[in-house]
Amino acid sequence: VRRMFSKKMRLSNKRYKVIVPGIFIFLLCVYTSFMILCDVSTNDVSFKVPLVWYKTTTKHPKSAVIDVFRTLGYSVHVGNTLNAKWDVLWSVEIPPYNSSDDIFKNIQSHQKINHCPSSVKFVFKSNLVKLYSKYSWMPKTYKLPKDIDSIVNESKLYPEKFIKKGVNHRGVKLLNSANLIEELNNLDPKSFFVQEFIRHPLLIDGSQFDIGVYVVISSIDPLRVYVYDAEVAPRFTVGIHEPLNISNTDQYVIHGDHHRKIWHMDSAQKYIKHNEPVSNANRKIVLDAILSDVHNVDVDKMWKEIEEIIATVIEKQSINMAEYRPYKTLSAVNFFELVRFDFILDKNHKVFLMEVNMGPTMSATESEPNGIMYRQVVYGAARLLRLTAQEMSNRKQKSLSKMEVSDADLDTFFNECMECNKCYGQCLLCRQCRTDDIDKMLRDAYLEHLSRGTYKRVYPPPSSISKDDFDAFNDNDSYRTDNNKLMAHWYKGMCMKNNLWCQ
């Protein structure tokens with residue numbers, strides 16, 4: 001009995017030595033988890049998944065925008081209405097800013113909308129041609145019925161000179177000189193306008209083509225504009241341009257859903273590796289090679305002209321975009337824009353602007369090479385605008401860390417700032433004079449520069465331009481706000497401090 005009792009005691013002691021430490025460790029884990037949860041709730045750093053509202057009347061759309069925002073960590077709502085609180089509104093059409101809709105009345109500073117107020121001034125064809133008719137890169141436009149006599153007289157010398165265009169990007173067709181007066185009288189001036197036809201465009205393999213350039217307006221006051229520099233969207237007519245038959249629009253109209261892509265062209269084949277997927281071919285590189293090698297186009301000069309046209313078109317409307325606010329809660333910080341500018345070249349390599357597309361095709365069901373490009377364009381824009389889920393959470397909590405941007409990072413013109421006694425003009429960039437609004441403006445621009453990826457800034461102009469060009473930019477008061485000038489000076493100062501900022 002004594003032996004049995006002592007054996008049981010030894011077993012109990014062993015169990016005790018195992019169970020008690022186990023209970024202690026379990027309680028310690030529970031306590032630690034509880035303290036972590038308490039610390040999270042106390043410091044209010046809980047993460048809430050942001051919501052993007054893809055506003056459309058189309059059922060079950062397949063868009064690269066939806067794919068990209070899901071990848072960035074967003075919850076996505078697709079539809080024409082939404083009762084929940086959204087963080088990003090991506091609308092296929094320009095939102096109804098003038099309506100009695102409540103979606104804009106209590107908007108907060110972190111919320112973003114993908115269409116700027118008054119952007120209709122340059123994305124609608126009829127507005128575009130009226131506002132920029134004096135520029136040499138805009139084909140001459142005629143007013144109806146005022147210019148009917150001029151059109152008829154000029155058509156006697158140049159029968160294929162005039163083309164009618166619908167204000168909604170549809171109905172493009174050459175006018176027939178045989179019954180020109182009848183056609184002009186039947187045109188509704190509110191729905192159509194008449195423009196000079198580029199009779200001798202530059203052709204590749206006999207086909208007319210245009211060049212689509214994706215553009216992001218990241219800020220409207222001050223104005224900051226970027227182009228997607230990694231790729232372009234060249235499109236080619238299905239038909240051969242010559243001999244021209246005005247009834248066959250496939251010879252001279254590049255339809256949005258009916259055109260040829262660059263890898264279909266014979267001239268492109270020598271620049272495409274046929275043992276690799278077509279998606280590996282860079283459209284911009286292939287187009288540049290064809291234009292320079294086959295047609296002797298100075299592509300550097302061409303891209304410089306295209307970038308200047310883009311900057312001019314948007315800059316002229318920047319004040320209207322910044323000032324038009326249907327609700328007091330709407331601010332310039334709430335808006336951005338992603339559009340596509342379409343250009344053509346004539347046989348003398350002169351650049352012409354054809355249109356600005358407010359809702360460029362971003363279909364995820366497109367052929368895989370285009371689908372990849374669309375995702376890259378949207379993803380790059382989202383990164384430029386700092387719209388990842390984590391960055392949106394930081395924006396909502398206003399938790400921009402000094403680790404990202406310090407006051408010293410924003411300092412420029414050190415010697416000049418030491419002599420600033422009054423806070424005006426360029427001295428507003430100095431640390432002792434920077435207001436909260438100017439400080440935020442510079443921080444946003446700083447972070448954009450770090451996040452720009454393959455986007456290239458075209459406004460304010462790159463600080464690497466010549467001193468004469470830069471001085472001319474600042475001396476010209478047309479369409480430039482004080483914030484725009486201050487922004488340009490800051491970029492110049494950053495370029496002087498670090499040459500990585502010169503582009």
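I began with Thr141: its bridge partner in β8 is Gln195. The model I am reading is a predicted one.

**Entry: the antiparallel sheet**

Strand β5 covers residues 141-142 and β8 covers residues 192-196; 2 bridges join them, and the strands run antiparallel. Next I looked at what else β8 pairs with. Strand β6, residues 162-166, is joined to β8 by 5 bridges, again antiparallel.

From β6 I moved on to β7. Here I counted 2 bridges, and the two strands run antiparallel. Lys164 stands opposite Lys173 in β7.

I then wrote down the strand order. The 4 strands make an open sheet, β5-β8-β6-β7, with antiparallel pairing. Its edge strands are β5 and β7 (173-174), each of which pairs on one side only.

**Entry: the parallel sheet**

I looked up another open sheet of 4 strands. Its order is β2-β1-β3-β4, and the pairing is parallel. The edges are β2 (75-79) and β4 (112-113), each pairing on one side only. Strand β1, residues 51-55, pairs with β2 over 5 bridges in the parallel sense. Tyr54 has Val78 in β2 as its bridge partner.

**Entry: strand β11**

Which strands does β11 pair with? I found β10, residues 207-220, joined to β11 by 5 antiparallel bridges. I also found β15, residues 455-459, which pairs with β11 in the antiparallel sense over 4 bridges.

I took the β10 side first. A hairpin of 2 residues links β10 to β11. Val215 has Val227 in β11 as its bridge partner. On the β15 side, Val225 stands opposite Tyr459.

Is β11 buried or exposed? I found 6 of its 6 residues buried, so the strand is largely enclosed by the rest of the structure. I then sorted the residues by face. In a regular strand the side chains alternate between the two faces of the sheet. Leu223, Val225 and Val227 are on one side of β11, while Arg224, Tyr226 and Tyr228 are on the other; all are buried, and both faces are covered.

**Entry: the cavity**

Rolling a probe the size of a water molecule over the atoms shows where empty space is left. The structure holds 1 cavity of 30 Å³ or more. The volume of the largest cavity is about 60 Å³.

Which residues line the largest cavity? I listed Val213, Val227, Tyr228, Asp229, Val232, Lys284, Trp303, Ile306 and Glu307.

I asked which elements supply the lining of the largest cavity. β11 (223-228) and α8 (299-316) each supply at least two residues. The element that gives the most is α8, with 3 residues. By class, I counted 6 nonpolar and 3 charged residues in the lining, and no polar ones.

**Entry: backbone exceptions**

I went through the backbone angles next. Most residues other than glycine have a negative phi, and most peptide bonds are trans.

Two cis bonds went into the notebook. The bond from Leu144 to Pro145 is cis, with omega near 0°. Pro145 sits in the loop between β5 and α5 (148-157). The bond from Glu242 to Pro243 is also cis, with omega near -5°. Pro243 lies in the loop between β12 (233-236) and α7 (283-295).

I also noted positive phi values. Asn296 is not a glycine, yet its phi is about 55°. Asn296 is in the loop between α7 and α8. Asn296 is exposed, with a relative accessible area of 62%. His349, also not a glycine, has a positive phi of about 75°. I placed His349 in the loop between β13 (337-345) and β14 (351-357). His349 is partly exposed, at 24% relative accessible area.

**Entry: the whole chain**

I finished with totals. The protein chain has 16 helices and 15 strands. Of its 503 residues, 48% are buried. The chain exposes about 26200 Å², and carbon and sulfur atoms supply 53% of that area. I also looked up contacts between residues at least 6 apart in sequence: 70% of them join residues at least 24 apart.

Key:
Residues are numbered from 1 along each chain as its sequence is written. This is a predicted model: local features need pLDDT of at least 70, side-chain atom pairs count only at pLDDT 80 or more; totals for chains, interfaces and linings use all residues. Side-chain values use heavy atoms; hydrogens and water are left out. On a 1 Å grid over the protein atoms alone, a cavity is a set of points where a 1.4 Å probe fits but cannot get out, and a pocket is an open set with protein on both sides within 12 Å along at least five of seven lines; lining residues have an atom within 4 Å of a point. Grid points are joined across faces, edges and corners, and a volume is the space filled by probe spheres set on the points. Ala, Val, Leu, Ile, Met, Phe, Trp, Tyr, Cys and Pro count as nonpolar, Asp, Glu, Lys and Arg as charged, and the others, Gly among them, as polar. Buried means under 20% relative accessible area, exposed over 50%, partly exposed in between (1.4 Å probe, protein chains only). Contact means heavy atoms within 4.5 Å. Accessible areas come from the Shrake-Rupley method with a 1.4 Å probe; for residues, only the protein chains shown count as cover. Two strands pair if DSSP finds at least two bridges between them.
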